[in-house]
Amino acid sequence: MSESLGNKKTQFYDYHLAAGGKMVPFAGYLMPVQYPLGIMQEHLHTRDHAGLFDVSHMGQVVVRGPDAAIALETLMPLDLAALAINQQSYATFTSADGGILDDLIITRWAEDTFFLVVNAGCKEQDIAHLRAHLPHCEVNYLEHMSLIALQGLRAVEIMAELAPQTASLVFMQGCHMQIDDIKCYVTRSGYTGEDGFEISVSDDHALALADVLLAYDYCQWIGLGARDSLRLEAGLCLYGHDMDEHTSPVESAISWSISKSRRSGGEKSGGFLGADTILGHLANGATKKRVGFLVEGRAPVREGAEIADQQGNLVGVITSGGFGPTLQVPVAMGYVPTELSAVGTQLFAIVRGKPRSITVSKMPLVPQRYYRG
Amino acid sequence: MGYVIYTKDHEWLRVEDNLVTIGVTEFAQEQLGDVVFIELPEVGSELMAGDEAAVIESVKAAGEIVVPIDGVVAMVNEALIDEPDLLNSAPETEGWILQLTPIEAPEIADFMDAEQYQHYIQDSE
């Protein structure tokens, strides 16, 4: 990674420029927000064909130690001891107050070794958090690794040809692999709601790997703009927007990410930061909840718009919103009081001073198409 | 015969007789990205220079059309309601946004001609 005007560049920077990428600062990196195809077409291309995303700005971290599973369980409400090797799980670093410090994907690489992928904007604080709380583990930031995501209906066609074993991975499984003699770690995962893969590869071989993937004419670079609309339609949270240190996993509507054994009555109940608050929310309900919205009309409702009830009382706020290219209507997420969170509840979002009809809708708004075997 | 002038906000104005047609330039539509919705002003509304006349929503963000002259809205491009992407495909023709009956003819010295505008966008890139 090199520095330029305070923003870092990933290994793929020149490739993005060559592909016509419009580069913007994002979490300390110059990243492509879109290419000449435009967000709408990039989004549709990903769902129907195959999109290649540079996500090298995200933090790749390895935690190793004889009791790594038990130690990491103090920081996230997961049953890591039960996580099989090459299996991965979505997780949150919880705070002592029961909020969320970051969300991440954690993969077990070996009995004593875990591979974590964390958000770009949080990685420094996450690494400090891990080091502070896990003094007996080695916390190794993989600074010289790149990360790409190959997503979409036809992603598997490419992988089946290049690395046939990866095509039999199911969602949230990984394996070490060689693609064209390039060593990488491949997982069946992603953040678009589509089937797909994430590939961790050393910086030295990152461009060669991209060349191999981009040799398929139906595989195209896709920017952060479409990544955002894809994850929004798929009902997936964006850290710092749809959840943060002020929302618990229950309020953030990701209770499914809390392992059964870590809940009240489970054999390893509690024992993670903020457990009292979070298990309290699970048992007694929380007062607010993240929900998805479909918006009437065509004008997008964006982050920060206030939400009003039928009587005009301000009851919540939109945390993500935009136009859904697959649905061809505006889509949004936001927080409302739990009593107003039922699917079908009619509310209003205040846009430029005017109330716009929004309806609480089942998430994901576009069905996820993960490969589960 | 009419003539076309440009603003620093990347709007074009076609001045003909007592009517000024306003839209956004090719450069502006590229910056906006895919347009999904346009909020148009009411015909007959009186606008002062600097007033927000329309809102353009793209998949990326919302942008405002600010009128550079005083006038009364004579007509709006209703085709944009069903086909907001006209603003991407033909921003300087079929994708026009509104027509104003100006209070006074625009002061040409306050605007750029096509050549000056080309220099302006080259400098801002």
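Helices and strands are DSSP runs, numbered from the N terminus. The model described here is predicted. In chain A, A:Ser95 sits in the loop that joins strand 7 (88-94) to strand 8 (100-110). A residue counts as buried if 20 or more other C-beta atoms lie within 10 Å of its own. A:Ser95 has 20 such neighbours inside 10 Å and is therefore buried. Beyond its neighbours within four places in sequence, A:Ser95 contacts A:Ile100, A:Leu101, A:Glu245, A:Leu273 and A:Gly274. A:Glu245 lies 150 residues away from A:Ser95 along the chain, yet their C-alpha atoms are 6.9 Å apart.

Strands 7 and 8 of chain A also meet helix 4 of chain A, whose buried residues pack against them. Strand 6 (59-64), strand 9 (113-118) and strand 10 (138-141) of chain A are packed against by these residues as well. Helix 4 spans residues 123-133, and its buried residues are A:Lys123, A:Asp126 and A:Leu130. These residues cover an arc of only 60 degrees around the axis, so they fall on the same side of helix 4 of chain A. A:Ala128 and A:Ala132 are exposed on the other side of this helix.

The largest nonpolar core holds 132 residues. A:Leu52, A:Val63, A:Leu116, A:Ile148 and A:Leu150 touch the most other members. Domain 1 (2-56 + 144-233) and domain 2 (287-364) of chain A both contribute residues, so the core lies between them.

Strand 11 of chain A (residues 145-151) is largely enclosed by the rest of the structure, because six of its seven residues are buried. Strand 11 of chain A pairs with strand 5 (residues 50-54) of chain A in the antiparallel sense, over four bridges. Strand 11 of chain A also pairs with strand 14 (residues 196-202) of chain A, again antiparallel, over seven bridges. A:Ile148 of strand 11 stands opposite A:Asp54. In strand 14 of chain A, its bridge partner is A:Ile199.

Between the chains, 10 residues of chain B are in contact with 14 residues of chain A. On the chain B side, strand 4 (35-39) and strand 6 (52-58) are the elements that give two or more residues. Strand 4 of chain B supplies the largest share, three residues. By class, this side of chain B has five nonpolar, one polar and four charged residues.

Definitions and conventions
Residues numbered from 1 in each chain as written. Chains lettered and ligands numbered in written order. Predicted model: local features only at pLDDT ≥ 70, side-chain atom pairs only at ≥ 80, totals over all residues. Buried ≥ 20, exposed ≤ 12 C-beta atoms within 10 Å, placed from the backbone. Contact = placed C-beta atoms within 7 Å. Core = buried A, V, L, I, M, F, W, Y, C linked by C-beta atoms within 7 Å. Domains from an automatic or database assignment. Arc of directions from axis to C-beta. Nonpolar A, V, L, I, M, F, W, Y, C, P; charged D, E, K, R; others polar. Pairing = 2+ DSSP bridges.
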